[in-house]
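Good morning, and thank you for making time for this presentation.

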There are 2 protein chains.
Amino acid sequence: MTASRTARERVRAELTREITDIARRQLATEGAGGLSLRAVAREMGMVSSAIYRYFPSRDDLLTALIIDGYNAIGAAVEQADADCPQDDFLLRWLTAGHAVREWAVAHPHEYALLYGSPVPGYQAPQDTIAARVRDVAVLGRIISDAWQAGAVHAPATEPPPELTAEAAAFRELMPGVPDNVIWRAISAWTALYGWVNFEVFGQFNNTIEDRRTAFDHSMRLMAATMGLAQ
Amino acid sequence: MTASRTARERVRAELTREITDIARRQLATEGAGGLSLRAVAREMGMVSSAIYRYFPSRDDLLTALIIDGYNAIGAAVEQADADCPQDDFLLRWLTAGHAVREWAVAHPHEYALLYGSPVPGYQAPQDTIAARVRDVAVLGRIISDAWQAGAVHAPATEPPPELTAEAAAFRELMPGVPDNVIWRAISAWTALYGWVNFEVFGQFNNTIEDRRTAFDHSMRLMAATMGLAQ
DNA sequence: AGTCGTCAAGAGCAGTGCTCTCGTTTTTTG
DNA sequence: CAAAAAACGAGAGCACTGCTCTTGACGACT
């Protein structure tokens with residue numbers, strides 16, 4: 001009986017996957033606003049209303065794409081870090097940063113969906129938060145490993161007392177790491193994505209051309225701020 | 001005759017301004033995607049096609065709003081810096097940063113229009129670039145002033161030679177400032193906007209609550225990276 | 001074998017950006 | 001001052017969107 005049930009569910013899963021694939025392709029070429037359920041249906045040879053059997057609304061399709069996107073960039077960063085010699089923490093930081101940047105440059109529209117302005121009228125459901133932490137978890141692990149190895153030499157500028165109860169999520173990612181380093185890591189993390197935002201969203205147009213080199217240099221400065229310089 | 005000509009042009013300018021005002025209000029409440037020419041016309045008691053006498057397309061209306069937005073945030077930063085004691089460079093940097101952040105938090109949708117994902121199908125015309133540099137010009141002036149006053153004590157980590165021909169626009173903003181400091185300023189600038197992006201776009205939800213304090217601390221770390229720490 | 005749920009299809013609603021035409025009003029020109 | 005020209009608001013209309021509802025057919029489970 002499971003076979004027959006699976007027969008139906010298999011074609012359903014297949015169609016669902018085909019929808020997201022086409023949607024992702026449209027997203028990559030047209031951007032988030034150009035994603036049209038009717039266009040997806042048209043490309044599949046379906047009628048538009050049939051799509052709603054699989055995704056109750058456009059937002060649900062967007063949510064699926066967002067989750068896929070977080071997992072894709074998270075997997076890219078995890079893979080990049082796994083390929084690194086684990087005891088070279090500066091290299092790991094730089095490699096993870098480049099992985100983020102390169103994925104974003106290769107998938108600008110998907111990146112915009114994840115880290116750009118929220119899609120109007122769209123509220124990210126809780127389902128996304130599990131996938132969204134994969135990249136920052138890698139960063140946390142790098143810093144945490146570096147700290148355990150005694151490779152973090154940051155100036156001892158204590159953050160203000162108002163912040164001691166903040167950023168609990170980051171603390172969990174970096175157990176044992178003192179507040180000073182945690183907040184430096186948060187700063188570096190926001191700087192990393194700030195750069196990628198600027199690059200992907202065109203803020204460097206006609207200004208910085210060799211963006212990979214410039215990004216690398218900036219990430220080295222951030223590593224120094226974190227105390228990771230060798 | 002100029003009076004009679006002005007009569008018509010005056011009402012035209014007035015209507016144009018009313019359109020942008022209503023559009024800005026809709027933008028603030030609904031976001032960029034919710035901006036509808038028909039809704040603006042409806043609110044003005046006009047018929048939708050009449051709007052096209054004033055803005056040939058939705059993109060042109062968006063462009064007007066974008067230019068206004070760049071000027072608004074630029075003016076806010078300029079004003080904040082002007083109110084500072086000009087010889088306290090760390091304070092000036094922090095004040096300018098807080099001005100950016102506070103404007104962005106107060107006008108999240110307008111900020112998203114300026115620094116978020118580009119509106120799909122919309123290509124920013126050249127008209128915007130004049131207004132868009134006002135905020136970064138303030139930052140450049142702060143660093144430049146600090147350098148002239150001998151108040152910049154940054155470690156002498158030279159950027160790689162590939163970058164010596166890059167970022168000419170930044171160099172013009174900071175005449176006489178050496179490359180090392182220029183690239184540190186660029187890093188700090190991207191970190192500043194990276195933070196604001198994360199905050200405005202909801203990346204700190206359920207993670208960091210006292211965002212002003214955390215931002216301030218991060219900006220102090222960036223000041224140290226630039227060599228502005230006192 | 002019959003029932004029940006799933007499915008694709010189609011029509012339809014309200015909304016969008018945008019174009020075109022048609023009178024009217026205002027400005028400019030002869 | 002009168003005629004030509006330009007600007008304007010209104011309306012209809014096109015192609016498109018997300019989404020809902022209904023209808024009829026096919027497949028799955030008892």
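I start with one residue: leaving out residues up to four places away in sequence, E162(A) touches D210(B) and T213(B). Contact here means that the C-beta atoms of two residues, placed from the backbone, lie within 7 Å. E162(A) sits in the loop between α8 and α9 of chain A. It has 14 C-beta neighbours inside 10 Å, and therefore counts as partly exposed. For that scale, a residue is buried if 20 or more other C-beta atoms lie within 10 Å of its own, exposed if 12 or fewer, and partly exposed in between, again with C-beta atoms placed from the backbone.

A word on conventions. This is a predicted model, in which local features need pLDDT of at least 70 and side-chain atom pairs count only at pLDDT 80 or more, while totals for chains, interfaces and linings use all residues. Residues are numbered from 1 along each chain as its sequence is written, and chains are lettered from A and ligands numbered from 1 in the order in which they are written.

Now to chain A as a whole. Its secondary structure comes to eleven helices and zero strands, where helices (H or I, at least four residues) and strands (E, at least two) are DSSP runs, numbered from the N terminus. Along the principal axes, its C-alpha atoms fill a box of roughly 60 × 50 × 35 Å. Of the 230 residues in chain A, 43% are buried. Among contacts in chain A with a separation of 6 or more, 71% are between residues 24 or more positions apart.

Next, the contact between the chains. How many residues of chain A are in contact with chain B? There are 41, and they meet 41 residues of chain B. On the chain A side, the largest share, eleven residues, comes from α10(A). By class, that side has 19 nonpolar, 16 polar and six charged residues; Ala, Val, Leu, Ile, Met, Phe, Trp, Tyr, Cys and Pro count as nonpolar, Asp, Glu, Lys and Arg as charged, and the others, Gly among them, as polar.

One helix pair deserves a description. The axes of α11 (residues 211-226) of chain A and α10 (residues 179-200) of chain B come within 10 Å and cross at roughly 80°. The two helices are therefore roughly perpendicular to each other, a label used for angles of 65 to 115 degrees, with under 35 roughly parallel, over 145 roughly antiparallel and the rest oblique. From α11(A) the contact draws on H217(A), S218(A) and L221(A), and from α10(B) on W183(B), R184(B), I186(B), S187(B) and T190(B).

Finally, α8(A), residues 134-148. Its 15 residues should span 21 Å at 1.5 Å a residue, and the end C-alpha atoms are 21 Å apart, which agrees. Its buried residues include V138(A), L139(A), I142(A), I143(A) and W147(A). The elements covering the buried residues of α8(A) include α4, α5, α9, α10 and α11 of chain A. After α8(A) comes G150(A), whose phi is positive, near 70°.

Beyond neighbours within four places in sequence, I143(A) is in contact with M174(A), V177(A), V181(A), A185(A) and M226(A). The largest nonpolar core has 139 residues, and those with the most contacts inside it are I143, A185 and L192 of chain A and I143, A185 and L192 of chain B. Such a core is a set of buried Ala, Val, Leu, Ile, Met, Phe, Trp, Tyr and Cys residues joined through C-beta atoms within 7 Å.

Key
Axes are lines fitted to C-alpha atoms, for helices over the stretch in contact, and angles run from 0 to 180 degrees between N-to-C directions. The expected span of a helix is 1.5 Å times one less than its number of residues.
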